[in-house]
Every structure is written in C-alpha cells, then in structure tokens.
Amino acid sequence: MQDYQTQQATVLEILDAHRTMPGSLLPILHGIQDTLGYIPPAAVADIASSLNLSQAEVHGVISFYHYFRDTPPGKHTVRICRAESCQSMNSTALENHAKQVLGIDYHETTADQAFSLEPVYCLGNCACSPSITIDDQVFGRVTPDKFDSLLAKFKGA
Amino acid sequence: MTRLFISRDSTALSLGAEQVANAFAQHTADRGQSVQIVRNGSRGLFWLEPLVEVETPNGRIAYGPVQEEDVASLLEAGLLEGKSHPLYLGNIEELPYFKNQNRLTFARVGITDPVSLEDYLVNDGYKGLKNALALQPAEIVKHVTDSGLRGRGGAAFPTGIKWNTVLNATGDQKYIVCNADEGDSGTFSDRMIMEGDPFVLIEGMTIAGIAVGATQGYIYLRVEYPHAKIALNQAIEAAYKNGYLGENIQGSGKTFHLEVRSGAGAYVCGEETSLLESLEGKRGLVRFKPPLPAIVGLFGKPTIVNNVISLASVPIILDKGGEYYKNYGMGRSRGTLPLQLAGNIKHPGLFEAAFGMTLRELLYDYGGGSASGRPIRAVQVGGPLGAYMPESQFDTPLDYEAFAAIGAVLGHGGLVVHDDTTNLADMARYAMEFCVEESCGKCTPCRIGSTRGVEVIDRIVANVDKAKNTELLRDLCDTMLCGSLCAMGGMTPYPVLSALNHFPEDFGLHPAKA
Ligand SMILES: Cc1cc2nc3c(=O)[nH]c(=O)nc-3n(C[C@H](O)[C@H](O)[C@H](O)COP(=O)(O)O)c2cc1C
Ligand code: SF4
Ligand code: FES
C-alpha cells in the first residue's frame with residue numbers, strides 16, 4: 001500500500017478544485033477514486049475538514065455506496081452482472097467459472113494484483129446477457145470460454 | 001463521400017462494434033476508398049448488432065450482425081454500393097420489428113450522429129424548445145398535462161401535475177433533476193436515449209426549466225453507464241457553445257444550466273428523495289414525504305424530479321402539441337412506451353409502441369420467443385420490484401391499469417424473459433437478497449424483513465415446516481408491503497408473491513396448497 005503522503009497532494013488538489021461546487025462530496029470521492037484507484041482511509045480526515053463534516057459522516061458516505069472502495073484494486077477490475085436478465089442466461093455458471101479461474105471471491109484481488117472481482121447489478125446490456133465489464137469496457141453474451149480469452153487479453157495488457 | 005453508420009451504443013460495443021468500425025476504416029483506407037464512418041446510436045435490434053448501414057441512392061442499406069473478420073468480404077461484395085452479401089439485410093426500416101413501432105421519443109435514435117447538433121437540428125431537433133420559448137410557462141405546462149404523459153420511471157405519476165406544483169411553488173431557486181439512475185434489470189431505454197440522442201434529453205430539461213422557472217439542472221447518472229456520460233457531456237458542450245444552454249438561450253433572455261453528476265452504485269438512489277440526498281453529497285437515505293420534492297427538493301428548493309424518458313418525451317409534445325401525443329395509447333395510459341426485451345429472448349431490443357399491445361404479441365411476434373428455443377415460462381416486467389407473470393397472463397395489454405389490476409407492474413417497460421429452466425423459488429430468494437443488498441436501511445420491514453425473507457424461503461425449499469413457513473413468508477410480505485417507507489421494501493413482495501402464487505411447484509408446494 002502506498003504511503004498517504006505521496007497521495008495527499010492529489011487529494012488536496014481535488015478538494016481545492018471542488019471548493020465552490022454544491023453537493024461536492026460524491027464528485028470529490030469520484031475524483032479521488034478515478035485518480036488513485038481507491039479512497040485511502042487516511043484521506044477521510046482531509047475531506048472532512050475541507051467540507052466541514054465529521055470524519056464519521058464522510059466514512060458513512062463512502063461505505064454506503066457499493067462503487068467506492070478503500071483498498072487499492074488490482075490492475076484490472078472485472079465486474080460480473082448478477083441481476084435477473086443475466087441470470088436468465090445463466091450468469092450463475094459464469095460467476096462460478098470466474099471465481100474458479102481467478103481463484104478469488106467477490107470483493108477480492110488476485111495474488112498477482114492483476115484482477116479484482118466485483119459484482120454489479122445490471123449494466124444496461126441485458127439484451128445481450130450475460131454481461132461483464134473489464135475496466136470501462138462492456139462485453140455481452142459472455143460464455144466461460146469467452147471469459148477466458150478476455151482474461152488472457154487483459155492479462156497481457 | 002460514402003457514409004457508413006456503425007453504432008457507438010454500449011450494447012453494440014459489447015458485441016464488437018468498435019473493432020468493426022476500426023476494421024472498416026483500415027480496409028477502406030487500404031483500398032483507397034473514401035468513406036466517412038458515422039458513429040450513430042442503435043436502432044435497437046440488438047440481435048443484428050454490430051449493424052453496419054451504408055447510405056446509397058436507394059436509402060440506407062444494412063448488414064448485420066457484422067464481425068471484424070467479415071469486413072473484407074463485405075467490401076469485396078460491394079457493401080459501399082449496397083450490394084448483396086450473406087449478411088445483407090436491406091433497409092432496416094422495412095423490417096416489421098422496426099416498421100411497426102411508433103417512434104416518437106426514439107425518432108432519431110440509430111439514425112443520427114448523437115453528438116452532432118447539426119444532425120439534431122436537421123431532424124426536427126429544438127422545434128419543441130422554439131415553441132416553448134414563445135409560450136407562457138403555464139401554457140407549456142398545459143401542453144404536458146394535455147398530453148397525458150405519466151412518469152416513465154416507474155410510478156406513472158402525471159408529469160403535468162408535478163410540473164404545475166413546481167411552477168406554483170415559490171423559491172429563489174428551482175431545480176430540474178433528471179433521474180438517470182436506471183438500475184432495473186431488463187431496462188436500457190434511458191441508456192439508449194442518452195447514448196443515442198442526448199440532445200433530446202437536454203432539450204426536454206431545458207423546456208422543463210423554462211416552464212417552471214428553474215435555471216439549474218442536474219442529470220444524476222448511474223456510474224455503470226460510462227458511454228452515456230461521454231455522449232451527454234459532448235452534447236452539453238455543443239449546446240452551450242451554440243446558445244442552447246447557459247444564459248440568454250437563443251436570445252430569449254432565459255437561462256438554463258446543466259450538469260451531469262455520477263452516482264456510485266446504489267440501486268436505492270433511483271428513488272427520488274434518496275437521489276436528492278445523494279446529489280447533496282450524503283448517504284442515499286430515503287426522505288419522508290411530505291414535503292414533496294416539488295415543494296422542498298434539492299437543497300431544500302422546489303424541484304422537478306423526472307425520469308429520462310419522461311423528459312425526453314417533452315420535446316415532441318411541445319413540437320406537435322399535447323393532443324398529438326395523447327392520440328397514441330389507451331385508457332389513462334397515453335402516448336408511447338419504449339419497451340425493452342431482454343433476457344432469454346431471440347430478438348432482444350427496444351420496441352417503442354403506443355400503450356395497448358399485449359405482452360404475447362411483443363414476446364412472440366416481435367421477440368420471436370425464447371433464445372434457447374425452450375418454452376417461455378415467466379416474464380418479469382418492470383424491473384426487480386416487478387411481478388413474475390406466467391403464460392396465462394400474457395394476453396394482458398401493456399397499460400398501467402391493466403397491469404395493476406392483476407397485481408403486476410409495467411414500470412419502466414423492461415421485460416426479462418425466462419425459459420422453463422428457471423426456478424422461480426430461486427428468483428424469489430434473489431429478490432429478497434437484492435433487497436438486503438440495496439435497502440437504504442431506514443425502515444425495519446425492509447432492512448430486517450428481507451434478511452428474514454431469504455431465510456424463510458430457504459426453509460421452505462429445504463422442506464422445513466413447509467406450511468408454517470409459507471404462511472410466515474406471506475405474513476412477512478404483508479408487513480413489508482404495508483410497513484415500508486418506499487417501494488424498495490414495499491414492492492419486493494411483488495416478485496416474491498407472484499413466484500409463490502404462480503409457480504408453487506418450484507417451492508415444492510402443491511399448487512392447491514400454495
Ligand atoms: C428503489 C427505487 C428505485 C427507483 N429507481 C428509479 C430509476 O432508476 N429511474 C427512475 O426514473 N425512477 C426510479 N424510481 C422512481 C422514482 O422514485 C420517481 O418516481 C421517478 O424518478 C419520478 O420520475 P417520473 O415521474 O418521470 O417517472 C425508483 C423508485 C424506487 C422506490
Ligand atoms: S423501504 Fe427500504 S429502501 Fe425504502 S426507505 Fe425503507 S429501508 Fe429504505
Ligand atoms: S441484468 Fe445484466 S446487464 Fe442488465
């Protein structure tokens with residue numbers, strides 16, 4: 001894990017850029033996670049003092065939203081859709097396959113730090129279920145075989 | 001220069017549209033052919049995506065589904081002249097799936113370049129705003145009221161009434177908030193509008209702002225839609241540059257500012273008051289009503305919260321008049337609904353139709369039955385809080401009241417099809433599990449009841465005190481239905497009870513005893 005000192009400059013810069021924005025907490029958290037990959041727990045104090053909130057309030061917001069994370073992700077984040085349409089096209093088998101080949105469960109990262117696995121509830125790609133995303137790319141009609149070849153492709157990248 | 005159309009819609013991209021577009025650029029350059037590749041939205045016939053259309057003197061000729069490796073042979077066969085090939089589809093607008101739709105809200109989607117303001121203007125864009133700018137605020141609201149438009153986000157509340165409340169509310173600042181949190185499984189019409197015709201949403205929100213005196217708008221967009229965010233921001237920038245957003249819109253003296261805000265993966269933030277909390281930078285806890293958001297909304301100010309499709313339907317209403325829109329539909333369900341066919345269906349896609357066609361027509365005449373070729377057993381309509389409908393209910397017309405009459409919901413118009421391999425007790429369990437995962441935690445029936453619901457279903461399926469636990473499940477559903485503050489806890493019983501009532505055998509129950 002990185003030392004917060006090296007990250008703090010980024011956090012302060014993001015806080016500064018949002019100073020006048022109404023309802024700025026979510027945009028700030030997005031900004032931090034987009035840049036650092038996660039929201040370092042040590043950043044909570046800086047965020048709280050900048051927005052005049054208690055640290056508990058900031059922490060409460062971070063933990064409420066599934067998307068925010070407080071640990072660094074792997075190099076690539078794989079999200080598998082668990083919602084109904086994907087289930088109707090056997091996403092359960094895909095989930096099991098993914099967990100098995102990655103050797104991890106949801107909310108975990110592979111030992112080599114290559115992949116993090118997260119569940120997601122609908123990607124709006126239900127016309128081509130089952131769907132997954134890897135980073136910002138969506139893939140539809142994902143069979144276990146297709147999953148393997150995608151992993152291989154991203155592993156190199 | 002020949003123009004090719006290849007979609008930038010997420011679903012098309014998920015099937016390889018980007019690679020196909022790149023291959024066309026490469027191969028045509030190699031052959032010294034000059035083409036312009038337009039990245040349009042999707043026509044919504046997803047089993048044909050990636051779809052490639054070429055503009056010819058005889059109209060736009062389509063080919064699909066096209067993969068990267070088909071590109072060489074397509075060009076060889078004369079795609080640029082619209083010639084024959086095994087993937088040749090002809091004019092897509094002649095296919096019954098497209099031809100028999102009533103595309104009002106989706107009129108331009110799949111046809112234009114979504115982020116080209118010029119394309120938008122040439123195709124009747126901003127006519128509604130032009131009319132609105134010549135009207136008094138109350139007259140704009142009256143058009144919306146006359147159209148019979150009801151909120152497309154689920155609750156089907158009359159849009160005109162909501163607007164009128166905000167119009168009459170007093171406040172130094174008012175807001176227009178677009179609910180683009182579309183988290184329901186099987187729904188993607190909001191996404192398709194935002195990716196395929198973002199200007200129509202921007203125009204609808206601008207009209208709303210002018211109608212009620214709101215100068216600031218926010219689009220609360222779910223984080224799972226990165227492509228929609230790009231398209232919206234590109235279109236917003238173009239609108240600002242050309243005087244369609246900002247101060248003094250088109251010389252009218254009116255002001256409207258617009259910004260996209262990202263959600264963070266919480267389903268409950270689609271509930272309107274939770275959404276407002278989230279926009280204010282808080283946990284998405286549902287607020288008690290009253291006060292209504294129309295009176296005390298975002299930052300405590302009068303606020304319109306409307307769904308994407310509701311707002312995107314406004315430009316055509318202001319362009320052609322409320323009566324024109326109202327002439328589509330049946331009963332108290334007026335206008336059109338973009339229906340979304342998803343799950344185990346042969347021809348998945350978006351089908352915009354006037355209210356009134358039956359579920360069966362949609363599933364079989366257009367959807368083509370299941371993708372697996374097995375019998376369709378159940379269809380969940382209206383997202384994760386919607387009921388599972390058995391075959392005996394497929395003749396129900398798509399109309400808010402007809403659905404309500406049988407304990408179902410039309411909601412956002414999403415249909416998730418399941419074949420006979422789906423176990424409905426599993427789906428009922430999942431519905432409870434989803435509620436555990438997504439409950440905002442404010443009320444006990446929803447927060448605790450859903451956890452208990454999972455356990456009770458497990459016991460029923462495991463054959464532990466079956467009769468007693470079935471009764472307990474019904475009791476629990478009743479408590480959730482009556483004791484929850486919002487529809488998250490209040491409607492989770494819909495999928496659960498419908499599964500139990502229509503598919504008792506999946507719970508190991510005798511039909512008569514269920
Ligand atoms: C748990 C829950 C989730 C909801 N999700 C959405 C959503 O994603 N999009 C939406 O427009 N409405 C959603 N709604 C309905 C909104 O609360 C609200 O009725 C709607 O945004 C109003 O806009 P409309 O009148 O234009 O439909 C949801 C409601 C609940 C209870
Ligand atoms: S029903 Fe559930 S989601 Fe809705 S307010 Fe209560 S706890 Fe929150
Ligand atoms: S349910 Fe999986 S993409 Fe919608």
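Helices (H or I, at least four residues) and strands (E, at least two) are DSSP runs, numbered from the N terminus. The model on display is predicted: local features need pLDDT of at least 70, side-chain atom pairs count only at pLDDT 80 or more, and totals for chains, interfaces and linings use all residues. Residues are numbered from 1 along each chain as its sequence is written, chains are lettered from A and ligands numbered from 1 in the order in which they are written, and side-chain values use heavy atoms, with hydrogens and water left out.

**Stop 1: ligand 1**

Select ligand 1 and the shell around it. A residue counts as near when one of its heavy atoms lies within 4 Å of the molecule. The ligand is surrounded by 19 residues, the closest being B:Gly153, B:Asn179, B:Asn306, B:Asn307 and B:Ser310. Strand S9 (303–307) and helix H21 (487–491) of chain B each contribute at least two residues to this shell, and S9(B) gives the most, with 3 residues.

Next, display the side chains of B:Asn306, B:Asn179 and B:Lys162. An N or O atom in the side chain of B:Asn306 is 2.8 Å from an oxygen atom of ligand 1. For B:Asn179, a polar side-chain atom lies 2.9 Å from a ligand oxygen, and for B:Lys162 an N or O atom of the side chain is 3.1 Å from an oxygen atom of the ligand. Taken alone, ligand 1 exposes 610 Å², of which the protein buries 91%; accessible areas come from the Shrake-Rupley method with a 1.4 Å probe, and for residues only the protein chains shown count as cover.

By class, the shell divides into 5 nonpolar, 8 polar and 6 charged residues. Here Ala, Val, Leu, Ile, Met, Phe, Trp, Tyr, Cys and Pro count as nonpolar, Asp, Glu, Lys and Arg as charged, and the others, Gly among them, as polar.

**Stop 2: the interface of chain B and chain A**

Select the residues of each chain in contact with the other (heavy atoms within 4.5 Å). Chain B supplies 59 residues and chain A 37 residues. Together the two chains bury about 3600 Å², 57% of it on carbon and sulfur atoms; buried area is the accessible area (1.4 Å probe) that two parts lose on being put together, summed over both.

Which residues form a salt bridge with the closest N and O atoms 3.5 Å apart? They are B:Glu433 and A:Arg82, and the interface holds 1 salt bridge (a side-chain nitrogen of Lys or Arg within 4 Å of a carboxyl oxygen of Asp or Glu). Among the elements giving two or more residues to the side of chain B that touches chain A are helix H1 (10–14), strand S12 (336–343) and helix H18 (424–438) of chain B. H18(B) gives the most to that side, with 6 residues.

**Stop 3: chain A**

Colour chain A by secondary structure to see 7 helices and 5 strands. Along the sequence they follow the pattern α-α-α-α-β-α-α-β-β-β-β-α.

**Stop 4: local features of chain B**

Select B:Glu53 and B:Arg43, a salt bridge whose closest N and O atoms are 2.8 Å apart. B:Glu53 is in strand S3 (residues 52–56) and B:Arg43 in the loop between strand S2 (35–38) and S3 of chain B.

That loop between S2 and S3 also contains B:Pro50; the peptide bond from B:Glu49 to B:Pro50 is cis, with omega near -5 degrees. Move on to B:Pro65, in the loop between strand S4 (59–63) and helix H3 (71–77) of chain B. The peptide bond from B:Gly64 to B:Pro65 is cis, with omega near -10 degrees.

Definitions and conventions: Polar contact = N/O pair within 3.5 Å; in protein donor to acceptor, adjacent residues only side chain to side chain.
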